[in-house]
Amino acid sequence: MLNKKTSLILSISLILVACMKEVDLSSRLYAGGETTSFSATSNAFSFPAPNLSPENLHKHLEGDLQFEAIYVKAPALINAGLGPVFNTTSCISCHPKDGRPAFPESINKRSGLLMRVSLEGEDEYGGPLPVPGFGLQIQNHAVYGYQPEAAYSLEYQYFHEKLDDGTEVELRKPIITLTNTHIPLPPGTLMSPRMGTPMFGLGLLEYIPEEYILRNADEHDEDGDGISGRPNYVYDSFLDKVVLGRFGWKANVGTIETQTATAFIEDMGITSPVFKNDNEEPEISQEILDQVSFYSRTLAVPAPRDQDNKIVKKGAALFHKIGCASCHVPEQKTGEGPIAELSNQVIYPYTDMLLHDMGEGLADNRPDYLATGREWKTRPLWGIGLTSRVNGHTHFLHDGRARNITEAILWHGGEGENAKKAFKALSKKDREALLTFINSL
Amino acid sequence: MKLKSIVFLGSLSMLACTPTENVTDIKGEVVDNLTNQVVIPTYSDLHNAAKNLNAAVQKLEVGNEEALTEARNAWSNARNFWEQTEAFLFGPVDFEEIDPALDSWPVDLTAINGILSESNEITEEIIQSNPEARGFHLIEFLLWGENQNKKAVDFNAHEIQYLKVAAQDFEQNTQRLHASWVEGDQPFKLHLLNAGQEPSNYDSTSDVIQEFTEGVIGLLDEVANAKIAAPLNAEEGVAKPEEQESFFSDLTKRDLVNNLQSVSNIFYGDYNGNDGKGISDLLASNNQEALQAEIEANLKAAVEVVNALPESFTEAIQNNREQVAEAQNKVQALHDSFVKVLDLKF
């Protein structure tokens, strides 16, 4: 909760920035602090943090090999353990080049998209209720001889937006339904499509102290600015306690460990010491789990580009002026943690790490702990301008519906409605400056 | 393939421009030559080799040892060209998911054997919907068998039918790969040739040079620390032959030789008799003759040691372990020299 003084200072600084024609971005060059890399190639998301000690670099590289491993059904000469049901066979396929997967060209082929499911209601911890026979996620592929949980069917709904200067923009929303379910799907099952997300900078986000994140929270909009970001608190089965949610589209995961182990079992059907069947050896070892977790924490953050370009600076001023920075807060700081190289860094992820109501259009109507069916965690914008270079597409938002950044902005409703309206009202020149700034990140 | 081991040695000082005295800017020429005279011809040759492989596979018959030999040679030939593309594994090979379609590894033997045991006809759809049973190593497994010792009489009609569909799919993917660089509204080559102009993905020719350099570095890292290291040392001090990427054919050494050739092609800018500009020329024209000489020497050394290995890498990792370890070291040294090119920030 912001007290009056802090919110006054914040408002003044926002006004000051808003009055500036340009923003000096030179202080934001080291987007990842000492973990920043300066490559602008298709490999921009894949470098190890440059400040890793030799031992930590070695551990990172071990994790990298595991992250790229393709798993197959046991028994196998190497990499056994896949399935019997799964979404994909390697970490890298949902996190291609440590970036964003494209929305699938063919909905039933392997891709970086998965469907979260649940029943109405909550479990004992306030979390989503698993669907009997399906769990919390659909596995739409299976190893040879087994039946997947379901297949997908895809339709699009189209919408049309008109910017104030008359420019028309077509928006589309994918509607994915299940077919060929292995058992009947209970009526009223809640479903939400989810695309894979970039891997870099995650350790830094994990190391932001909880108090700093809470400072940006304003659940009841006490400062009256129309923004009411709030934290998600989730039960972590591994730690057996409730923690701040940081990762995932609705901030439904608290730690990298849990994310890693969950991804292995849910996305690939691979058991580990954390999630295994009784009386069976886990399919991967704790060592591999640790290596992949470590890898996930220590990828370098790509530096923004062209930060002294006039148009970029003008775009940055607009970014603040129309309210983007209220949720896509540029600066964060990390505290102390086990990995020294991630500790005490000033970083520029452009996220407040909080949940926001984004309106009806983006709603998936599937709550997840404290996140309602209309709430989403503010996505970090660092590296976003490199997406087409790294992954060959520009698909954004939780279900990959936005085909470019303009579309993504136009889907902002709810708390983002005012910023969207302001975006629509920009002159073409201003709009292009804003987009140039966002693409410079 | 990833850039695993690059540490930006000079990153905190960085962003400096290259020195401008006595320097001719040949970046554009280098990018043009690498794109048009190295990358695209290699992809074209790969496609032709895939056509030959397909043709050879269509002639397979149970018991026909000659046809089997021809098919295996055709596989090896196509493999050589593919390995020569691995120093530039960016662009459509990645974006269009052609790499997994051609070179997915390991292959899932349960899936392959399962598909074989079905009495149905094997279709293109089956190949496409089983990504872990597709491409080089599916064909390799079917041609050589699990234990590197299959004979023509050991085949059955169903396996041959499987091979024919797989080889057809294989050829199509190599065609798609080549076409993506040269055909259509926005052939990928334009991204490299027109850097800095919409709609290129790249802001500048410097970024493209960086991309090519990182491609080389990524490959060398993979060769040293995965392709050689895993079979040699995945279990400390004990060879693990099944970690070899071309285990079924026992042609992994050829993979390594052609990977180094790929590096050489990008470094010298030469391909198939065509003498053009590459990273070597870029270094020379920027007063970096010392680094140029260092890379030349390290490349020569790596090539020598790898070429001298026994043809059977399975044998080498068991009986010539010191030699294999030396090959790994030489490739690593070459890798480290190329990292210095990145730090020059052309």
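Start in chain B of this predicted model and select helix H10 (residues 205-233) together with helix H11 (residues 252-268). Their axes come within 10 Å and cross at roughly 160°. An angle over 145 degrees counts as roughly antiparallel, so that is what H10(B) and H11(B) are to each other. Look at the handedness too: H10(B) passes H11(B) in a left-handed crossing.

Now show the side chains where the two helices touch. On H10(B), pick B:Phe212, B:Val216, B:Leu219, B:Leu220, B:Val223 and B:Lys227. Facing them on H11(B) are B:Asp255, B:Leu256, B:Asn259, B:Ser262, B:Val263 and B:Ile266. Colour this set by residue type and you get eight nonpolar, two polar and two charged residues.

Stay in chain B and move to helix H5, residues 109-117. Which of its residues are buried? Select B:Thr110, B:Ala111 and B:Ile112.

Last stop: hide chain B and bring up chain A. Switch to cartoon and you can count off 12 helices and 15 strands. With a radius of gyration of 21 Å, close to the 22 Å that the globule rule gives for 441 residues, chain A is as compact as a globular protein of that length. Its C-alpha atoms fill a box of roughly 65 × 50 × 40 Å along the principal axes. Of the 441 residues in chain A, 53% count as buried. As for contacts in chain A with a separation of 6 or more, 67% join residues 24 or more positions apart.

Key: Residues are numbered from 1 along each chain as its sequence is written. Chains are lettered from A and ligands numbered from 1 in the order in which they are written. This is a predicted model: local features need pLDDT of at least 70, side-chain atom pairs count only at pLDDT 80 or more; totals for chains, interfaces and linings use all residues. A residue is buried if 20 or more other C-beta atoms lie within 10 Å of its own, exposed if 12 or fewer, and partly exposed in between; C-beta atoms are placed from the backbone. Helices (H or I, at least four residues) and strands (E, at least two) are DSSP runs, numbered from the N terminus. The radius of gyration is taken over C-alpha atoms; the globule rule is 2.2 Å times the number of residues to the power 0.38. Two residues are in contact if their C-beta atoms, placed from the backbone, lie within 7 Å. Axes are lines fitted to C-alpha atoms, for helices over the stretch in contact, and angles run from 0 to 180 degrees between N-to-C directions. Angles under 35 degrees count as roughly parallel, over 145 as roughly antiparallel, 65 to 115 as roughly perpendicular and the rest as oblique. A crossing is left-handed if the near helix is turned anticlockwise from the far one by less than a right angle, and right-handed if clockwise. Ala, Val, Leu, Ile, Met, Phe, Trp, Tyr, Cys and Pro count as nonpolar, Asp, Glu, Lys and Arg as charged, and the others, Gly among them, as polar.
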